[in-house]
Amino acid sequence: MVLLSVLLSSILMSDTVATKTANVDEVVIVSPRQGGKRSAKGQTASIDEHLQQLDHVSLVRRGSYAWEPMVNNMQTERLSTTIDGMKIFYACTDKMDPVTSYVESGNLQSISLNSGLDGNPQATGNIGGSLDMRLRKVGFGAEGYRQNLSAAYEANGHLQVYGTDVALSSNRAYTNFGVFYRHADDYRVGGGERLLFSQFQKVNAFTNVGLRLGGADVVEGTFIFDRATDVGYPALNMDVGKAEGFITSLSYKHLFRQASWETKVYYNHITHEMDDTHRPDVAIHMDMPGRSKTAGLYSLFSMPYGRHSAALNYDLYYNRQFADMTMYAGEAKPMYMVTWPDVGTLCTGLALTDDISLGGQQNLRLSAKLAVQQQRLNNEEGWHALSVFFPGMEDSYYQATGRLAANYQLTVGSCQLSIGGGWGSRAPTVTEAYGYYLNNTFDRYDYIGNPHLKNESAVELNCAAKTSVIEGQLTVGVDASVFFFSNYIIGHTEQRLSAMTIGAEGVKVYGNQDHATIANTTLKTTLRQRVLGEGELKWNASVTYSFGRDTDGDALPLIAPLAYATDLTLGRGHWQARLELRGNARQTSYGEKYGETAAQAWTVVGLSAQYAYRLATLRLGVENIFDRHYATYADWNHIPQKGRNIFVNLSLDI
């Protein structure tokens, strides 16, 4: 009753902005109407292509659709990904549908990244970092009517993109709504060979509505429908017949003279259906559907006082994840198995942040969060199957997680310095704790969860320095972070068990390692120079080195090799041209112990240009100009990337 009264009272309160600028390490802009870091393809770029613009972010690619983000070389398990603060969980046991796949560029304003343990207020278990995708809302008092039309074509794979969105706004109400559609055939790798099962199509529709109840009270609602069909995954044994998401929210905001309060309630339903009916020579046909439902709320109060700017956030969510599979072996009777035993997770947390101005160009940021969750197995058949390996296991478990972080910033002239640290923990995921014979094509093992896992924790240390060598022209910066893990969760080979999947090399059970280490460092340089009168030349360059070791000193899997990137942009008047080069060194340190094989060195070059005049923007370019055949360390089973690709897109603002 106490919890219920807190929820009801919080729903009657309000606020406006959930993430403050000081709490964001980097932002990539998606909307066409704001300046900032963005993809060369503009709004028609996929979410994955926008994510590639962020430092500390890399992407695991199993096909040409729905890439899995990694932050600081950590995958989904150690990240928090939200949409406007809403918790959403994927529904595929093979992580073929990350949260980022259920939105589109057409309904996003920006994607913000918090690196490491100092996450956004709604983040939980964010050891590696947190991503929050901010929806694009026209707001009050904007232009009365505006419409955007977008169309794009890419020659490699015959990718077609069409989208439109409409915005209506007044001082009392606003709405913006739209539809986005993508369709692609199989693409060709460097050298011209066609990569089978790399096709996809998807449609996304969205609506945002806002109503001003008074001078300081606002109600806003959001609805997103996203449906992808006929999605090929060449790196896996199965494709996807349907991945569908319904995402809804309703928020109430109130502005005080200085403080603000926002409360949002939300619900989302994700359905994912794997499909192997289009694959040749399938020994045993399988149906593998998965479902994830999440209902939740958060209430965020922000208030500046004196030298402080504090925010208090309460959040609560309930998620249920269920997955099963049916195997059809010729004339034999179908075989049925539960792979996620309908796990219900009830989690509640309280987060506090405080940005303190110490004077003399010094700032201190403090943040903390405590969360408590209960997990219950609601499927009796799945519970009995798992209890064979873990006699005496219960059908309900409680866990507590938390995080603490501090960051000190000092500005001296043109130099900016920062140093920080933190501690955080996370509970095992549904797969790690309760998964049942889930095949991993990366190392070719079947995986079983472990309900007796301990919470994983990590200590983070980070520092950064940035200085203007030539005032307003040449800037050099470096940042570094290291994570020291305790009870690191990873699969361990179990010789006593036999594999179930045809071709699997054995069985692994998730377990805790005493410790592990992941470190990252990046050197960046930016040069700006006036040329051709009113024109500007901008040069960016970066080099990143990463390191990962397990408790035995062996290399962890999916740790990036030495990576480098540079781009040169020339803009003048309505024109802009860009030359880009990026690549990786050969992967000399890789997780051979975990089934990883070395990725070869590669370098690709791209060229693009855009012309913007009044209401129209035209972009065209060539990716992988020299048609290089290559695969990155994060391309699942080393499936090759696209070869030469010519793209063109047009955007009209009416």
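Student: In which strand is Phe 177 found?

Tutor: Phe 177 is in strand β10, residues 173-184. A strand here is a DSSP run of E of at least two residues, and a helix a run of H or I of at least four, both numbered from the N terminus. This is a predicted model, in which local features need pLDDT of at least 70, side-chain atom pairs count only at pLDDT 80 or more, and totals for chains, interfaces and linings use all residues. Residues are numbered from 1 along each chain as its sequence is written, and side-chain values use heavy atoms, with hydrogens and water left out.

Student: Why is Phe 177 called partly exposed?

Tutor: Buried means under 20% relative accessible area, exposed over 50%, and partly exposed in between, with a 1.4 Å probe and protein chains only. Phe 177 has 36% relative accessibility, so it counts as partly exposed.

Student: What makes the phi of Asn 624 worth a remark?

Tutor: Its phi is positive, about 50°, although Asn 624 is not a glycine. Most residues other than glycine have a negative phi. Arg 614 also has a positive phi, near 55°.

Student: What makes the pairing of the Ser 589 and Arg 549 side chains a polar contact?

Tutor: A polar contact is a pair of N or O atoms within 3.5 Å; within protein, one must be able to donate a hydrogen and the other to accept it, and residues adjacent in sequence count only if both atoms are side-chain atoms. The two side chains make such a contact at 3.1 Å.

Student: How many helices and strands does the chain have, and why is it called as compact as a globular protein of that length?

Tutor: The chain has 4 helices and 31 strands. Its radius of gyration is 24 Å, close to the 26 Å that the globule rule gives for 654 residues, so the chain is as compact as a globular protein of that length. The radius is taken over C-alpha atoms, and the rule is 2.2 Å times the number of residues to the power 0.38.
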